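Please open the structure in a viewer and keep the selection panel at hand. The stops below are meant to be followed in order.

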Amino acid sequence: MTNILKTKEDINLILSSVRALWGAIVPSLRSVSIGLHDNKIIWQCIFDDNATHDELELLSAAAAEVIADFPDYGLEEIIKQVAYPQKVENLKNLIYLRHE
């Protein structure tokens, strides 16, 4: 595993994301990661293939909480359903990873 330098923006994104995920972790969620690219926050959630619409919406609401902390940025949500045990690729800042 490489050591990736965290910028001030990365740290602020991580802290905001952790707060947004309080009470939003569902059993089908495999990982949440976040990154920043050209004034756009990229919010990625990976679910098992059995995730419900309500579970997907819960994590979308968490993304809205994050972007509310960064009014000068845009938001791109990436929601994927990847069945376990397939490998997943996460963004620079891994916020949540389910034990598998």
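The model is predicted, so local features need pLDDT of at least 70 and side-chain atom pairs count only at pLDDT 80 or more, while totals for chains, interfaces and linings use all residues. Residues are numbered from 1 along each chain as its sequence is written, and side-chain values use heavy atoms, with hydrogens and water left out.

**Stop 1: the helix pair**

Select residues 8-21, helix H1, and residues 53-68, helix H2. Helices (H or I, at least four residues) and strands (E, at least two) are DSSP runs, numbered from the N terminus. The axes of H1 and H2 come within 9 Å and cross at roughly 140°. Axes are lines fitted to C-alpha atoms, for helices over the stretch in contact, and angles run from 0 to 180 degrees between N-to-C directions. H1 is therefore oblique to H2; angles under 35 degrees count as roughly parallel, over 145 as roughly antiparallel, 65 to 115 as roughly perpendicular and the rest as oblique.

Next, display the side chains where the helices meet: Ser-16, Ser-17, Arg-19, Ala-20 and Leu-21 in H1, and Leu-59, Ala-62, Glu-65 and Val-66 in H2. Contact means heavy atoms within 4.5 Å.

**Stop 2: Ser-17**

Stay in helix H1 and centre on Ser-17. Ser-17 counts as buried because its relative accessibility is 0%; buried means under 20% relative accessible area, exposed over 50%, partly exposed in between (1.4 Å probe, protein chains only). Beyond neighbours within four places in sequence, Ser-17 is in contact with Ile-34, Trp-43, Val-66 and Ile-95.

**Stop 3: the core**

Which residues have the most contacts inside the largest nonpolar core? Select Val-32, Trp-43 and Leu-59; this core has 19 residues. A nonpolar core is a set of buried Ala, Val, Leu, Ile, Met, Phe, Trp, Tyr and Cys residues joined through side-chain atoms within 4.5 Å. H1, strand S1 (29-37), strand S2 (40-47) and H2 each supply at least two residues of the core, and H2 gives the most, with five.

**Stop 4: two loops**

Move to Ser-28, in the loop between H1 and S1. Ser-28 is buried, with a relative accessible area of 5%.

Finish at Gln-86, in the loop between strand S3 (74-81) and strand S4 (93-97). Gln-86 counts as partly exposed, at 47% relative accessibility.
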